[in-house]
Amino acid sequence: FSISTYNKMWTDAQKDLDIQLRKEREEFLQPEKDRVKVFKMLAISYIKYMQIFRNLETAHDQLVHQQKRTVIRQVLDGVIGRILEMKKEMVELENSEFHYIDNILEDLKLLPEDIEVPIPRYFIKENLEVLQQREKVLDQILLNAGLQTQKPVKAMTFAEAIKMIQVAERARQGRCRAAFMKQIYLEEKRERQTKLQIQMGPSPDDAATCIQKVWHGYIQRKKTEKMREEEMIFLGMSLPPHLKKTSISQMHAGQVNTLQGEVQVRHEEVFIKDKLKETEGLNIKETLQDQIGQCFIECRHIIGKFPDYPTEEAGGSTAILSQKTPEQVAAELDAKKEMALHKKAQKEKKEKEEGKEKMKGKNPQKTGKKVSVPAEEGWKMAPSNFLSIMEEGNNQYKAVWQNRDEGWDFLQDHDPELIKEEKREEVEEEIRVQVDELMQQKLENLRLAVDGEKSDKQKKGRKSEKVRAAMMSLAHRTIDSLYRELVEEGLLIKAKTVNLSDYVGKYSYLGTTLRQVDIEPMPSLADVRQLIALYGILPLGSQTVHEKAPVVKALLLAGPTGVGKKMLVHAICTETGANLFDLSASNISGKYPGKNGLQMMLHMVLKVAKQLQPSVVWIGDTEKIFSKAVLKAEEEMNPKRLEKILPKFLKALKAQDRVLLVGTTNRPFDANLKPFCKVYQKIILIPRPDYASRFGKYFKWFLLWKHIILQNGGVITNLLNISCLAKLSDGFTQGHIVQAVQTVLSELRLLQMTRKPLRTAEFITSLARQDPVYKEEEEAFK
């Protein structure tokens with residue numbers, strides 16, 4: 001039963017989280033001077049949190065119970081944020097974006113897959129309708145602007161149509177005629193054999209031998225298949241049949257239940273809310289009216305006049321119904337005024353003192369006083385923004401769900417009592433808005449009847465109308481119109497559908513060994529994939545994580561041509577549902593000329609990116625913006641026009657704005673490094689794949705050559721030596737391999753595949769026509 005499996009997964013994750021939180025309170029609060037020990041502590045915690053993250057994400061995706069999903073979601077966001085904080089500490093400790101923890105994984109008896117960053121599926125699922133609608137709008141705009149063409153439908157003349165029908169019909173008749181003639185031939189053959197057997201007489205030995213051959217062959221094939229299956233199970237490369245069947249059925253059941261449960265719970269929530277309105281709505285309304293009326297009378301007795309009704313922004317009647325008396329409210333206001341005056345006086349005094357110190361201490365070195373430097377206390381964990389979130393979620397789990405009896409709930413889709421508690425607040429809020437309208441009018445009537453005066457709101461009504469009219473006249477353009485313009489200008493482009501898992505590459509198993517002998521290893525493609533997930537995908541996908549985690553506003557992907565930099569940009573957009581803006585120098589050339597035009601363009605991009613977040617702003621060949629000298633051929637393109645305004649663009653991005661600037665470059669060493677590194681604080685080096693990445697015998701991993709050949713429609717046989725291809729392609733990138741495969745696997749070659757299998761020499765010949773990445777260029781990147 002799938003629900004019990006995912007409930008157990010959630011329970012286990014919560015237990016592990018409880019242990020981890022206790023460990024953090026004990027270990028990370030004490031200062032530690034041994035940096036090796038500190039890194040080991042951080043790495044182990046990072047791995048543990050990654051395992052908790054994976055289990056929580058699976059439980060959140062598969063469970064149907066809405067209240068459970070809400071609790072898991074809170075903890076899940078907290079765990080993601082804590083992982084990013086751990087990563088930041090590890091980077092600062094080692095002064096490197098890449099970490100090699102293969103020795104720790106070995107001690108913990110874990111595999112590299114256990115630290116692979118899972119991409120939460122709710123990033124896309126929760127916004128699926130919006131993303132699909134946005135994609136339709138984008139396709140329509142591109143189609144109308146002529147930037148995208150529909151698949152051509154070949155127009156056919158009447159004569160051509162008749163000819164095609166005739167050809168098809170004659171072919172059909174030919175096949176029928178051939179089948180008919182074959183049947184006649186077989187019947188005649190059978191008759192001849194029957195006559196021969198009648199004349200010669202049947203041989204029992206021949207018949208027995210024939211039956212034995214067929215039977216022995218069948219039995220041996222079955223035995224061989226069974227032996228192979230048992231061997232695969234013994235080696236751990238395949239699941240036992242009963243487990244495999246269960247897991248498939250569980251996954252299917254979970255997916256079906258999730259789809260059905262969401263609709264069911266939505267209907268149930270609406271039903272419970274309507275029921276509450278019917279049963280408790282009238283009582284809530286009467287109670288609120290009585291309480292507000294009582295407050296009016298009490299204020300009239302104490303202050304001498306009726307109070308002003310609080311605005312909707314101030315909370316409406318909730319501000320009136322606070323537990324404080326009018327005297328307490330007045331005292332609080334007086335205290336606030338005094339505090340403001342006191343702060344102002346202190347600020348003025350401080351400014352005067354600072355001015356005197358500046359005049360006195362222009363040359364502090366001449367004073368001869370030694371500045372005492374505190375002794376290094378050792379490393380201490382920085383304060384976290386996510387521990388409180390995880391603690392709160394953990395406490396909520398213990399209080400509500402840990403020992404909850406759910407035996408009565410067979411469907412496991414929702415808890416009506418918990419929904420009732422949530423919806424009661426919503427019902428009260430809706431009724432309070434109605435009551436506010438009634439009581440506001442009642443207050444005006446009371447003022448007219450008792451005090452004979454009109455409210456300030458009525459006196460100032462004309463003025464507010466004038467202000468509103470002025471605001472309407474200054475209304476800006478809509479987001480839809482800005483979106484359309486950016487698409488038509490080619491600044492907002494359609495991202496290719498490519499997942500991060502499609503970026504194939506293996507984990508480096510020699511990282512720790514190389515560092516121990518003072519050799520800095522080249523990062524593996526698995527390390528690159530992990531950084532893209534941590535710095536790009538996770539913060540863009542979750543608003544809570546983006547607001548509270550260490551902010552990465554700009555990301556630079558540097559590496560030789562063909563290593564998949566653009567593919568990773570598109571993968572970030574696919575995994576998060578982000579818009580993709582292309583501000584490459586070649587793309588914005590000739591668009592929005594002049595300084596004002598450039599500012600307007602960036603303002604439009606920023607406004608649309610913030611409004612329709614998440615968004616990715618991509619700058620291809622970004623080194624040209626910061627180049628030391630512009631080539632003559634590129635003078636017309638004016639690539640340096642973004643150099644000065646780009647830091648301002650980044651400064652305008654706040655913590656709540658899920659917008660990421662991604663630059664790609666294949667020649668970072670051509671840039672002026674000081675402004676270049678000031679904009680791109682996170683730089684990810686993407687190397688060419690080494691032999692271990694291209695060829696490995698690790699189960700469940702698509703090898704790069706094999707993956708690309710199969711992806712392009714090829715069939716792998718014994719005549720194709722992938723090991724040889726992997727060895728000979730040393731120095732080439734993924735792009736080179738893709739190009740070589742696509743050149744070989746033309747339409748004609750694919751048709752010949754059945755009678756002419758693929759051979760190694762075909763791909764080697766195609767690959768040899770391309771220029772590899774030389775060692776000098778690789779050293780320059782390092």
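**Figure 1. Asp-621, a partly exposed residue with a positive phi.** At 32% relative accessibility, Asp-621 counts as partly exposed. Buried means under 20% relative accessible area, exposed means over 50%, and partly exposed lies in between (1.4 Å probe, protein chains only). Asp-621 is not a glycine, yet its phi is positive, at about 50 degrees. The residue sits in the loop between β4 and α23 (646-651). Helices (H or I, at least four residues) and strands (E, at least two) are DSSP runs, numbered from the N terminus. This is a predicted model: local features need pLDDT of at least 70, side-chain atom pairs count only at pLDDT 80 or more, and totals for chains, interfaces and linings use all residues. Residues are numbered from 1 along each chain as its sequence is written, and side-chain values use heavy atoms, with hydrogens and water left out.

Figure 2. The bond from Gln-613 to Pro-614 is cis, with omega near 5 degrees. Pro-614 is in the loop between α22 (594-611) and β4 (615-620). Most residues other than glycine have a negative phi, and most peptide bonds are trans.

**Figure 3. Asn-95, an exposed loop residue.** Asn-95 lies in the loop between α3 and α4 (102-107). Its phi is positive, about 55 degrees, although Asn-95 is not a glycine. Asn-95 counts as exposed, because its relative accessibility is 69%.

**Figure 4. Packing of α2 on α3.** The axes of helix α2 (residues 35-62) and helix α3 (residues 66-94) come within 9 Å and cross at roughly 155 degrees. α2 is therefore roughly antiparallel to α3. Axes are lines fitted to C-alpha atoms, for helices over the stretch in contact, and angles run from 0 to 180 degrees between N-to-C directions. Angles under 35 degrees count as roughly parallel, over 145 as roughly antiparallel, 65 to 115 as roughly perpendicular and the rest as oblique. The α2 and α3 crossing is left-handed. Left-handed means that the near helix is turned anticlockwise from the far one by less than a right angle; right-handed means clockwise. By class, the contact of α2 with α3 holds 20 nonpolar, two polar and nine charged residues. Ala, Val, Leu, Ile, Met, Phe, Trp, Tyr, Cys and Pro count as nonpolar, Asp, Glu, Lys and Arg as charged, and the others, Gly among them, as polar.

Figure 5. α3 and helix α18 (residues 525-541) pack at about 140 degrees, with their axes 11 Å apart. That makes α3 oblique to α18. Their crossing is left-handed. α18 also packs with helix α20 (residues 565-576), at an angle of about 40 degrees and with the axes 10 Å apart. α18 and α20 are therefore oblique to each other. The crossing of α18 and α20 is right-handed.

**Figure 6. The largest nonpolar core.** This core has 85 residues. Val-79, Ile-532 and Ile-684 have the most contacts inside it. α2 gives the most to this core, with 14 residues. At least three residues come from each of domain 1 (3-117) and domain 2 (479-685). Domain bounds come from an automatic or database domain assignment. A nonpolar core is a set of buried Ala, Val, Leu, Ile, Met, Phe, Trp, Tyr and Cys residues joined through side-chain atoms within 4.5 Å.

**Figure 7. Asn-144 and Glu-488.** Asn-144 lies in helix α6 (residues 128-145). Asn-144 is exposed, with a relative accessible area of 56%. The C-alpha atoms of Asn-144 and Glu-488 are separated by 9.0 Å, and the two residues are 344 residues apart along the chain.
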